[in-house]
Amino acid sequence: MQIGFIVSVMVSFLAWLPVAMAAQPSTAQETEWPKGHYPLPEEGNIIGEADTFIVKDYDDTLIDIARRHNLGYLEMIRANPEVSIWVPGVGTEVTIPGRFILPNVERTGIVINIAELRLYYYPDVKNGETPRVETYPIGIGREGFDTPLGVTETTMNIKNPAWYPPESVKREAEARGETAPSVVPPGPDNPLGDHAIILGFDGYLIHGTNQPDGIGMRASRGCIRMLPKDIESIFDRIPPGTQVNIINQPIKIGWEGGQPLIQAFPPLGEEEHSMTALTETMTRLNQYNVDNVNLDYEQLSDVLSLSNGLITPLHPKQEQEPQRHSPEEKAIKGIYEDLVLTSSQRS
């Protein structure tokens with residue numbers, strides 16, 4: 001009787017064990033960072049990893065793939081210029097530009113680089129915690145409604161905000177023969193989404209959106225838009241008084257193992273980078289070039305012309321081999337030089 005009971009208990013235990021083990025997160029799962037979260041590098045300023053993705057669903061668009069990989073519209077389009085936005089096609093290889101050079105500013109609070117349409121958040125950490133950075137794609141002000149630059153701070157967090165259309169919206173509605181509402185209550189028609197963080201710059205916010213397709217584009221009236229899930233993830237962790245530094249760095253320089261890296265984005269409101277931008281980047285590179293490597297500045301010019309947002313290693317300049325001449329070429333060259341010398345003596 002006792003033996004049968006023991007056997008029954010052992011059988012039940014063995015049946016339960018695989019289920020219990022599957023329910024426990026593995027060590028890798030416990031230490032896995034959420035998408036867009038990275039430990040700050042101990043050396044250098046590079047985070048993330050570039051990757052590729054094979055399209056498996058016919059209905060997938062580049063925008064769908066971008067959202068799943070913490071990327072915005074223009075980031076994905078620039079990295080995949082030959083791929084159809086709406087029908088990439090099953091089996092198509094898509095580049096995932098998930099590697100970033102941290103902006104060259106103080107790593108504190110929120111840093112918004114409008115040139116790359118990306119927000120960086122450096123949360124405070126407790127003693128013993130790993131310093132980290134979180135990064136998210138954003139939407140910014142369209143032409144004529146530029147997002148302001150400078151250092152400010154958060155002043156208030158509002159959940160389920162109401163939207164009061166500004167005068168510019170009312171004027172545009174009047175021009176169409178319509179009347180803009182005096183207020184839009186919380187709900188699916190509210191362009192602020194469900195979360196808003198008010199900034200010290202009068203009239204500007206970081207907020208969600210009811211039009212997520214505009215993330216990664218210049219589409220707002222100057223405010224900073226985030227995907228609803230992204231702003232929800234940081235909303236309760238950003239207290240009033242958090243520093244917000246809004247910058248415009250279309251060219252970022254990184255170093256990794258002595259290798260200079262360039263990440264370039266198109267300059268806002270301009271067709272291409274100016275010669276001044278090129279020379280300033282060369283100066284910055286030389287400041288960090290402790291080994292005095294003869295860098296290939298023609299390649300740098302090409303990278304700035306492309307400005308696709310992908311991190312590109314800058315190679316040393318290849319020394320040209322001395323030209324080799326055949327005996328016939330040397331003889332002709334000698335005759336030419338004699339003729340030039342004779343002509344100069346006559347004159």
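The following legends describe close-up views of a predicted model.

**View 1. The largest pocket and the residues around its centre.**
The largest pocket of this predicted model has a volume of about 680 Å³. Its lining is made up of 31 residues, and those closest to the centre are Trp163, Pro166, Leu192, His207 and Cys223. Sorted by class, the lining comprises 18 nonpolar, 8 polar and 5 charged residues.

**View 2. Helix and strands that contribute to the lining of the largest pocket.**
At least two lining residues come from each of α5 (167-175), β10 (195-199), β11 (205-207) and β12 (218-220). Among the contributors, β10 gives the most, with 3 residues.

**View 3. The buried and exposed sides of α5.**
Ser168, Val169 and Ala173 are the buried residues of α5. These residues lie on the same side of α5, because they cover an arc of only 135° around the axis. An α-helix has 3.6 residues a turn, so residues three or four places apart point the same way. Arg171, Glu174 and Ala175, on the other side of α5, are exposed. The helix α5 is followed by Gly177, which has a positive phi, near 80°.

**View 4. The two positions annotated as "active site".**
An unreviewed UniProt entry places the feature "active site" at His207 and Cys223. These residues span 17 residues in sequence, yet no two of their C-alpha atoms are more than 7.6 Å apart, so they gather at one spot. Both His207 and Cys223 are included in the lining of the largest pocket.

**View 5. His207 and its surroundings.**
His207 is located in strand β11. With a relative accessibility of 4%, His207 counts as buried, because buried means under 20%. When neighbours within four places in sequence are left aside, the residues in contact with His207 are Pro191, Leu192, His195, Ala196, Cys223, Ile224, Arg225, Met226 and Ile231. One of these contacts, Cys223, is the other residue that UniProt lists under "active site".

**View 6. Cys223 and its surroundings.**
Cys223 is located in the loop between β12 and β13 (224-226). The relative accessible area of Cys223 is 13%, and this residue is therefore buried. Apart from neighbours within four places in sequence, Cys223 is in contact with Gly139, Ile140, Gly141, Thr147, Gly203, Tyr204, Leu205 and His207.

How values were computed:
Residues numbered from 1 in each chain as written. Predicted model: local features only at pLDDT ≥ 70, side-chain atom pairs only at ≥ 80, totals over all residues. Heavy atoms only, no water. 1 Å grid on protein atoms, 1.4 Å probe; cavity = no way out; pocket = protein on both sides within 12 Å on 5 of 7 lines; lining within 4 Å. Points joined across faces, edges and corners; volume = space filled by probe spheres on them. Helix = DSSP H or I, 4+ residues; strand = E, 2+ residues; numbered from the N terminus. Nonpolar A, V, L, I, M, F, W, Y, C, P; charged D, E, K, R; others polar. Buried < 20%, exposed > 50% of the residue type's maximum accessible area, 1.4 Å probe, protein only. Arc of directions from axis to C-beta. UniProt positions renumbered as here; feature names shortened; annotations may be inferred. Contact = heavy atoms within 4.5 Å.
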